[in-house]
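Dear colleague,

Please find below the structure that I am handing over to you. My findings follow it, and I would be grateful if you read them with the model open.

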Amino acid sequence: SSPDVVRVETVYKVGGIFRNHQACSVDYKVTVPTRTSVNVSVVSSSADVRGVDGDHSISTVSGDLDIHELSGRLKLNAVSGRVRGTAITGPMKVETVSGDITFKDCRSVRVNGSSVSGDLEFDLVPGEGPYQFNSVSGNVELTIPAGTGCSLTLSSMSGRLVVDSADGTNSWGRGQKTATILGGGPSVALKSISGDLRLKQRSYSGQAPVPPPPPVPPVGESA
């Protein structure tokens, strides 16, 4: 540790009292100031991170990630676990191999989400973009506020392409479709090899949509 960094880790030593390879586990609950950058890496474990503002990198090999009310740049990676989150702002990059990805009520200015076999489901207020969602064999669904414009690309080799709007539902077979929604806006791309793709518009029961967040200039690698 240092005045600016706190490091918490578990070291499993073979030998001594562990010479018979006895199983062990450790649970951590760490509380930090709101303005803190968090780097979490676990194996065969889940992680729950919430309520911090900074540059974050969170990963697990075999476990779930629960991410809530985070601001700043965010990178997430799970090999076999699912990733869930709410109220995320700032640019985000999230990847899984076999787990589903689900985010609700987000205002991320940019998103890059991908999975090999998991489904992707995002509900967000678009900002400057771009927004890219990819799955090899899973379904991809994006929900945005009613009345929100975007420049849309849907591409699937064998799945269905669906767009829900105030004018009704349009559905196509496999292939690629491009569309300018309500005069255009941020770039939105949904892609899958064999999964279905769907863009939905969320109603607000008479309330006006939340305006998009102001642009965040890129610093280093964008999410």
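Which strands each supply at least two residues of the lining of the second largest pocket? They are β13 (150–156), β14 (161–165), β15 (168–172) and β16 (175–181). Please note that the model is a predicted one.

The largest share of this lining, four residues, comes from β16. The second largest pocket holds about 210 Å³ of space. It is lined by 14 residues, and Val163, Ser165, Asn170, Ala179 and Ile181 are the closest to its centre. By type, the lining consists of eight nonpolar, four polar and two charged residues.

The largest pocket contains about 1,600 Å³ of space. Its lining comprises 35 residues, with Val8, Tyr28, Val30, Asn39 and Val40 lying nearest the centre. Of the lining residues, 17 are nonpolar, ten polar and eight charged.

β1 and β16 also belong to an open sheet of nine strands, which has mixed pairing and the order β1-β3-β5-β7-β9-β11-β17-β13-β16. Because β1 and β16 are the edge strands, each with a single partner, one side of each has no neighbour in the sheet. On average, neighbouring strands of this sheet are turned by 5 degrees against each other, direction ignored.

At the β1 edge, the partner strand is β3 (residues 56–60), which runs parallel to β1 and is joined to it by four bridges. Within this pairing, Ser41 stands opposite Ser59 of β3.

With kind regards

Conventions
Residues numbered from 1 in each chain as written. Predicted model: local features only at pLDDT ≥ 70, side-chain atom pairs only at ≥ 80, totals over all residues. Heavy atoms only, no water. 1 Å grid on protein atoms, 1.4 Å probe; cavity = no way out; pocket = protein on both sides within 12 Å on 5 of 7 lines; lining within 4 Å. Points joined across faces, edges and corners; volume = space filled by probe spheres on them. Nonpolar A, V, L, I, M, F, W, Y, C, P; charged D, E, K, R; others polar. Pairing = 2+ DSSP bridges. Axes fitted to C-alpha atoms, helices over the stretch in contact; angles between N-to-C directions.
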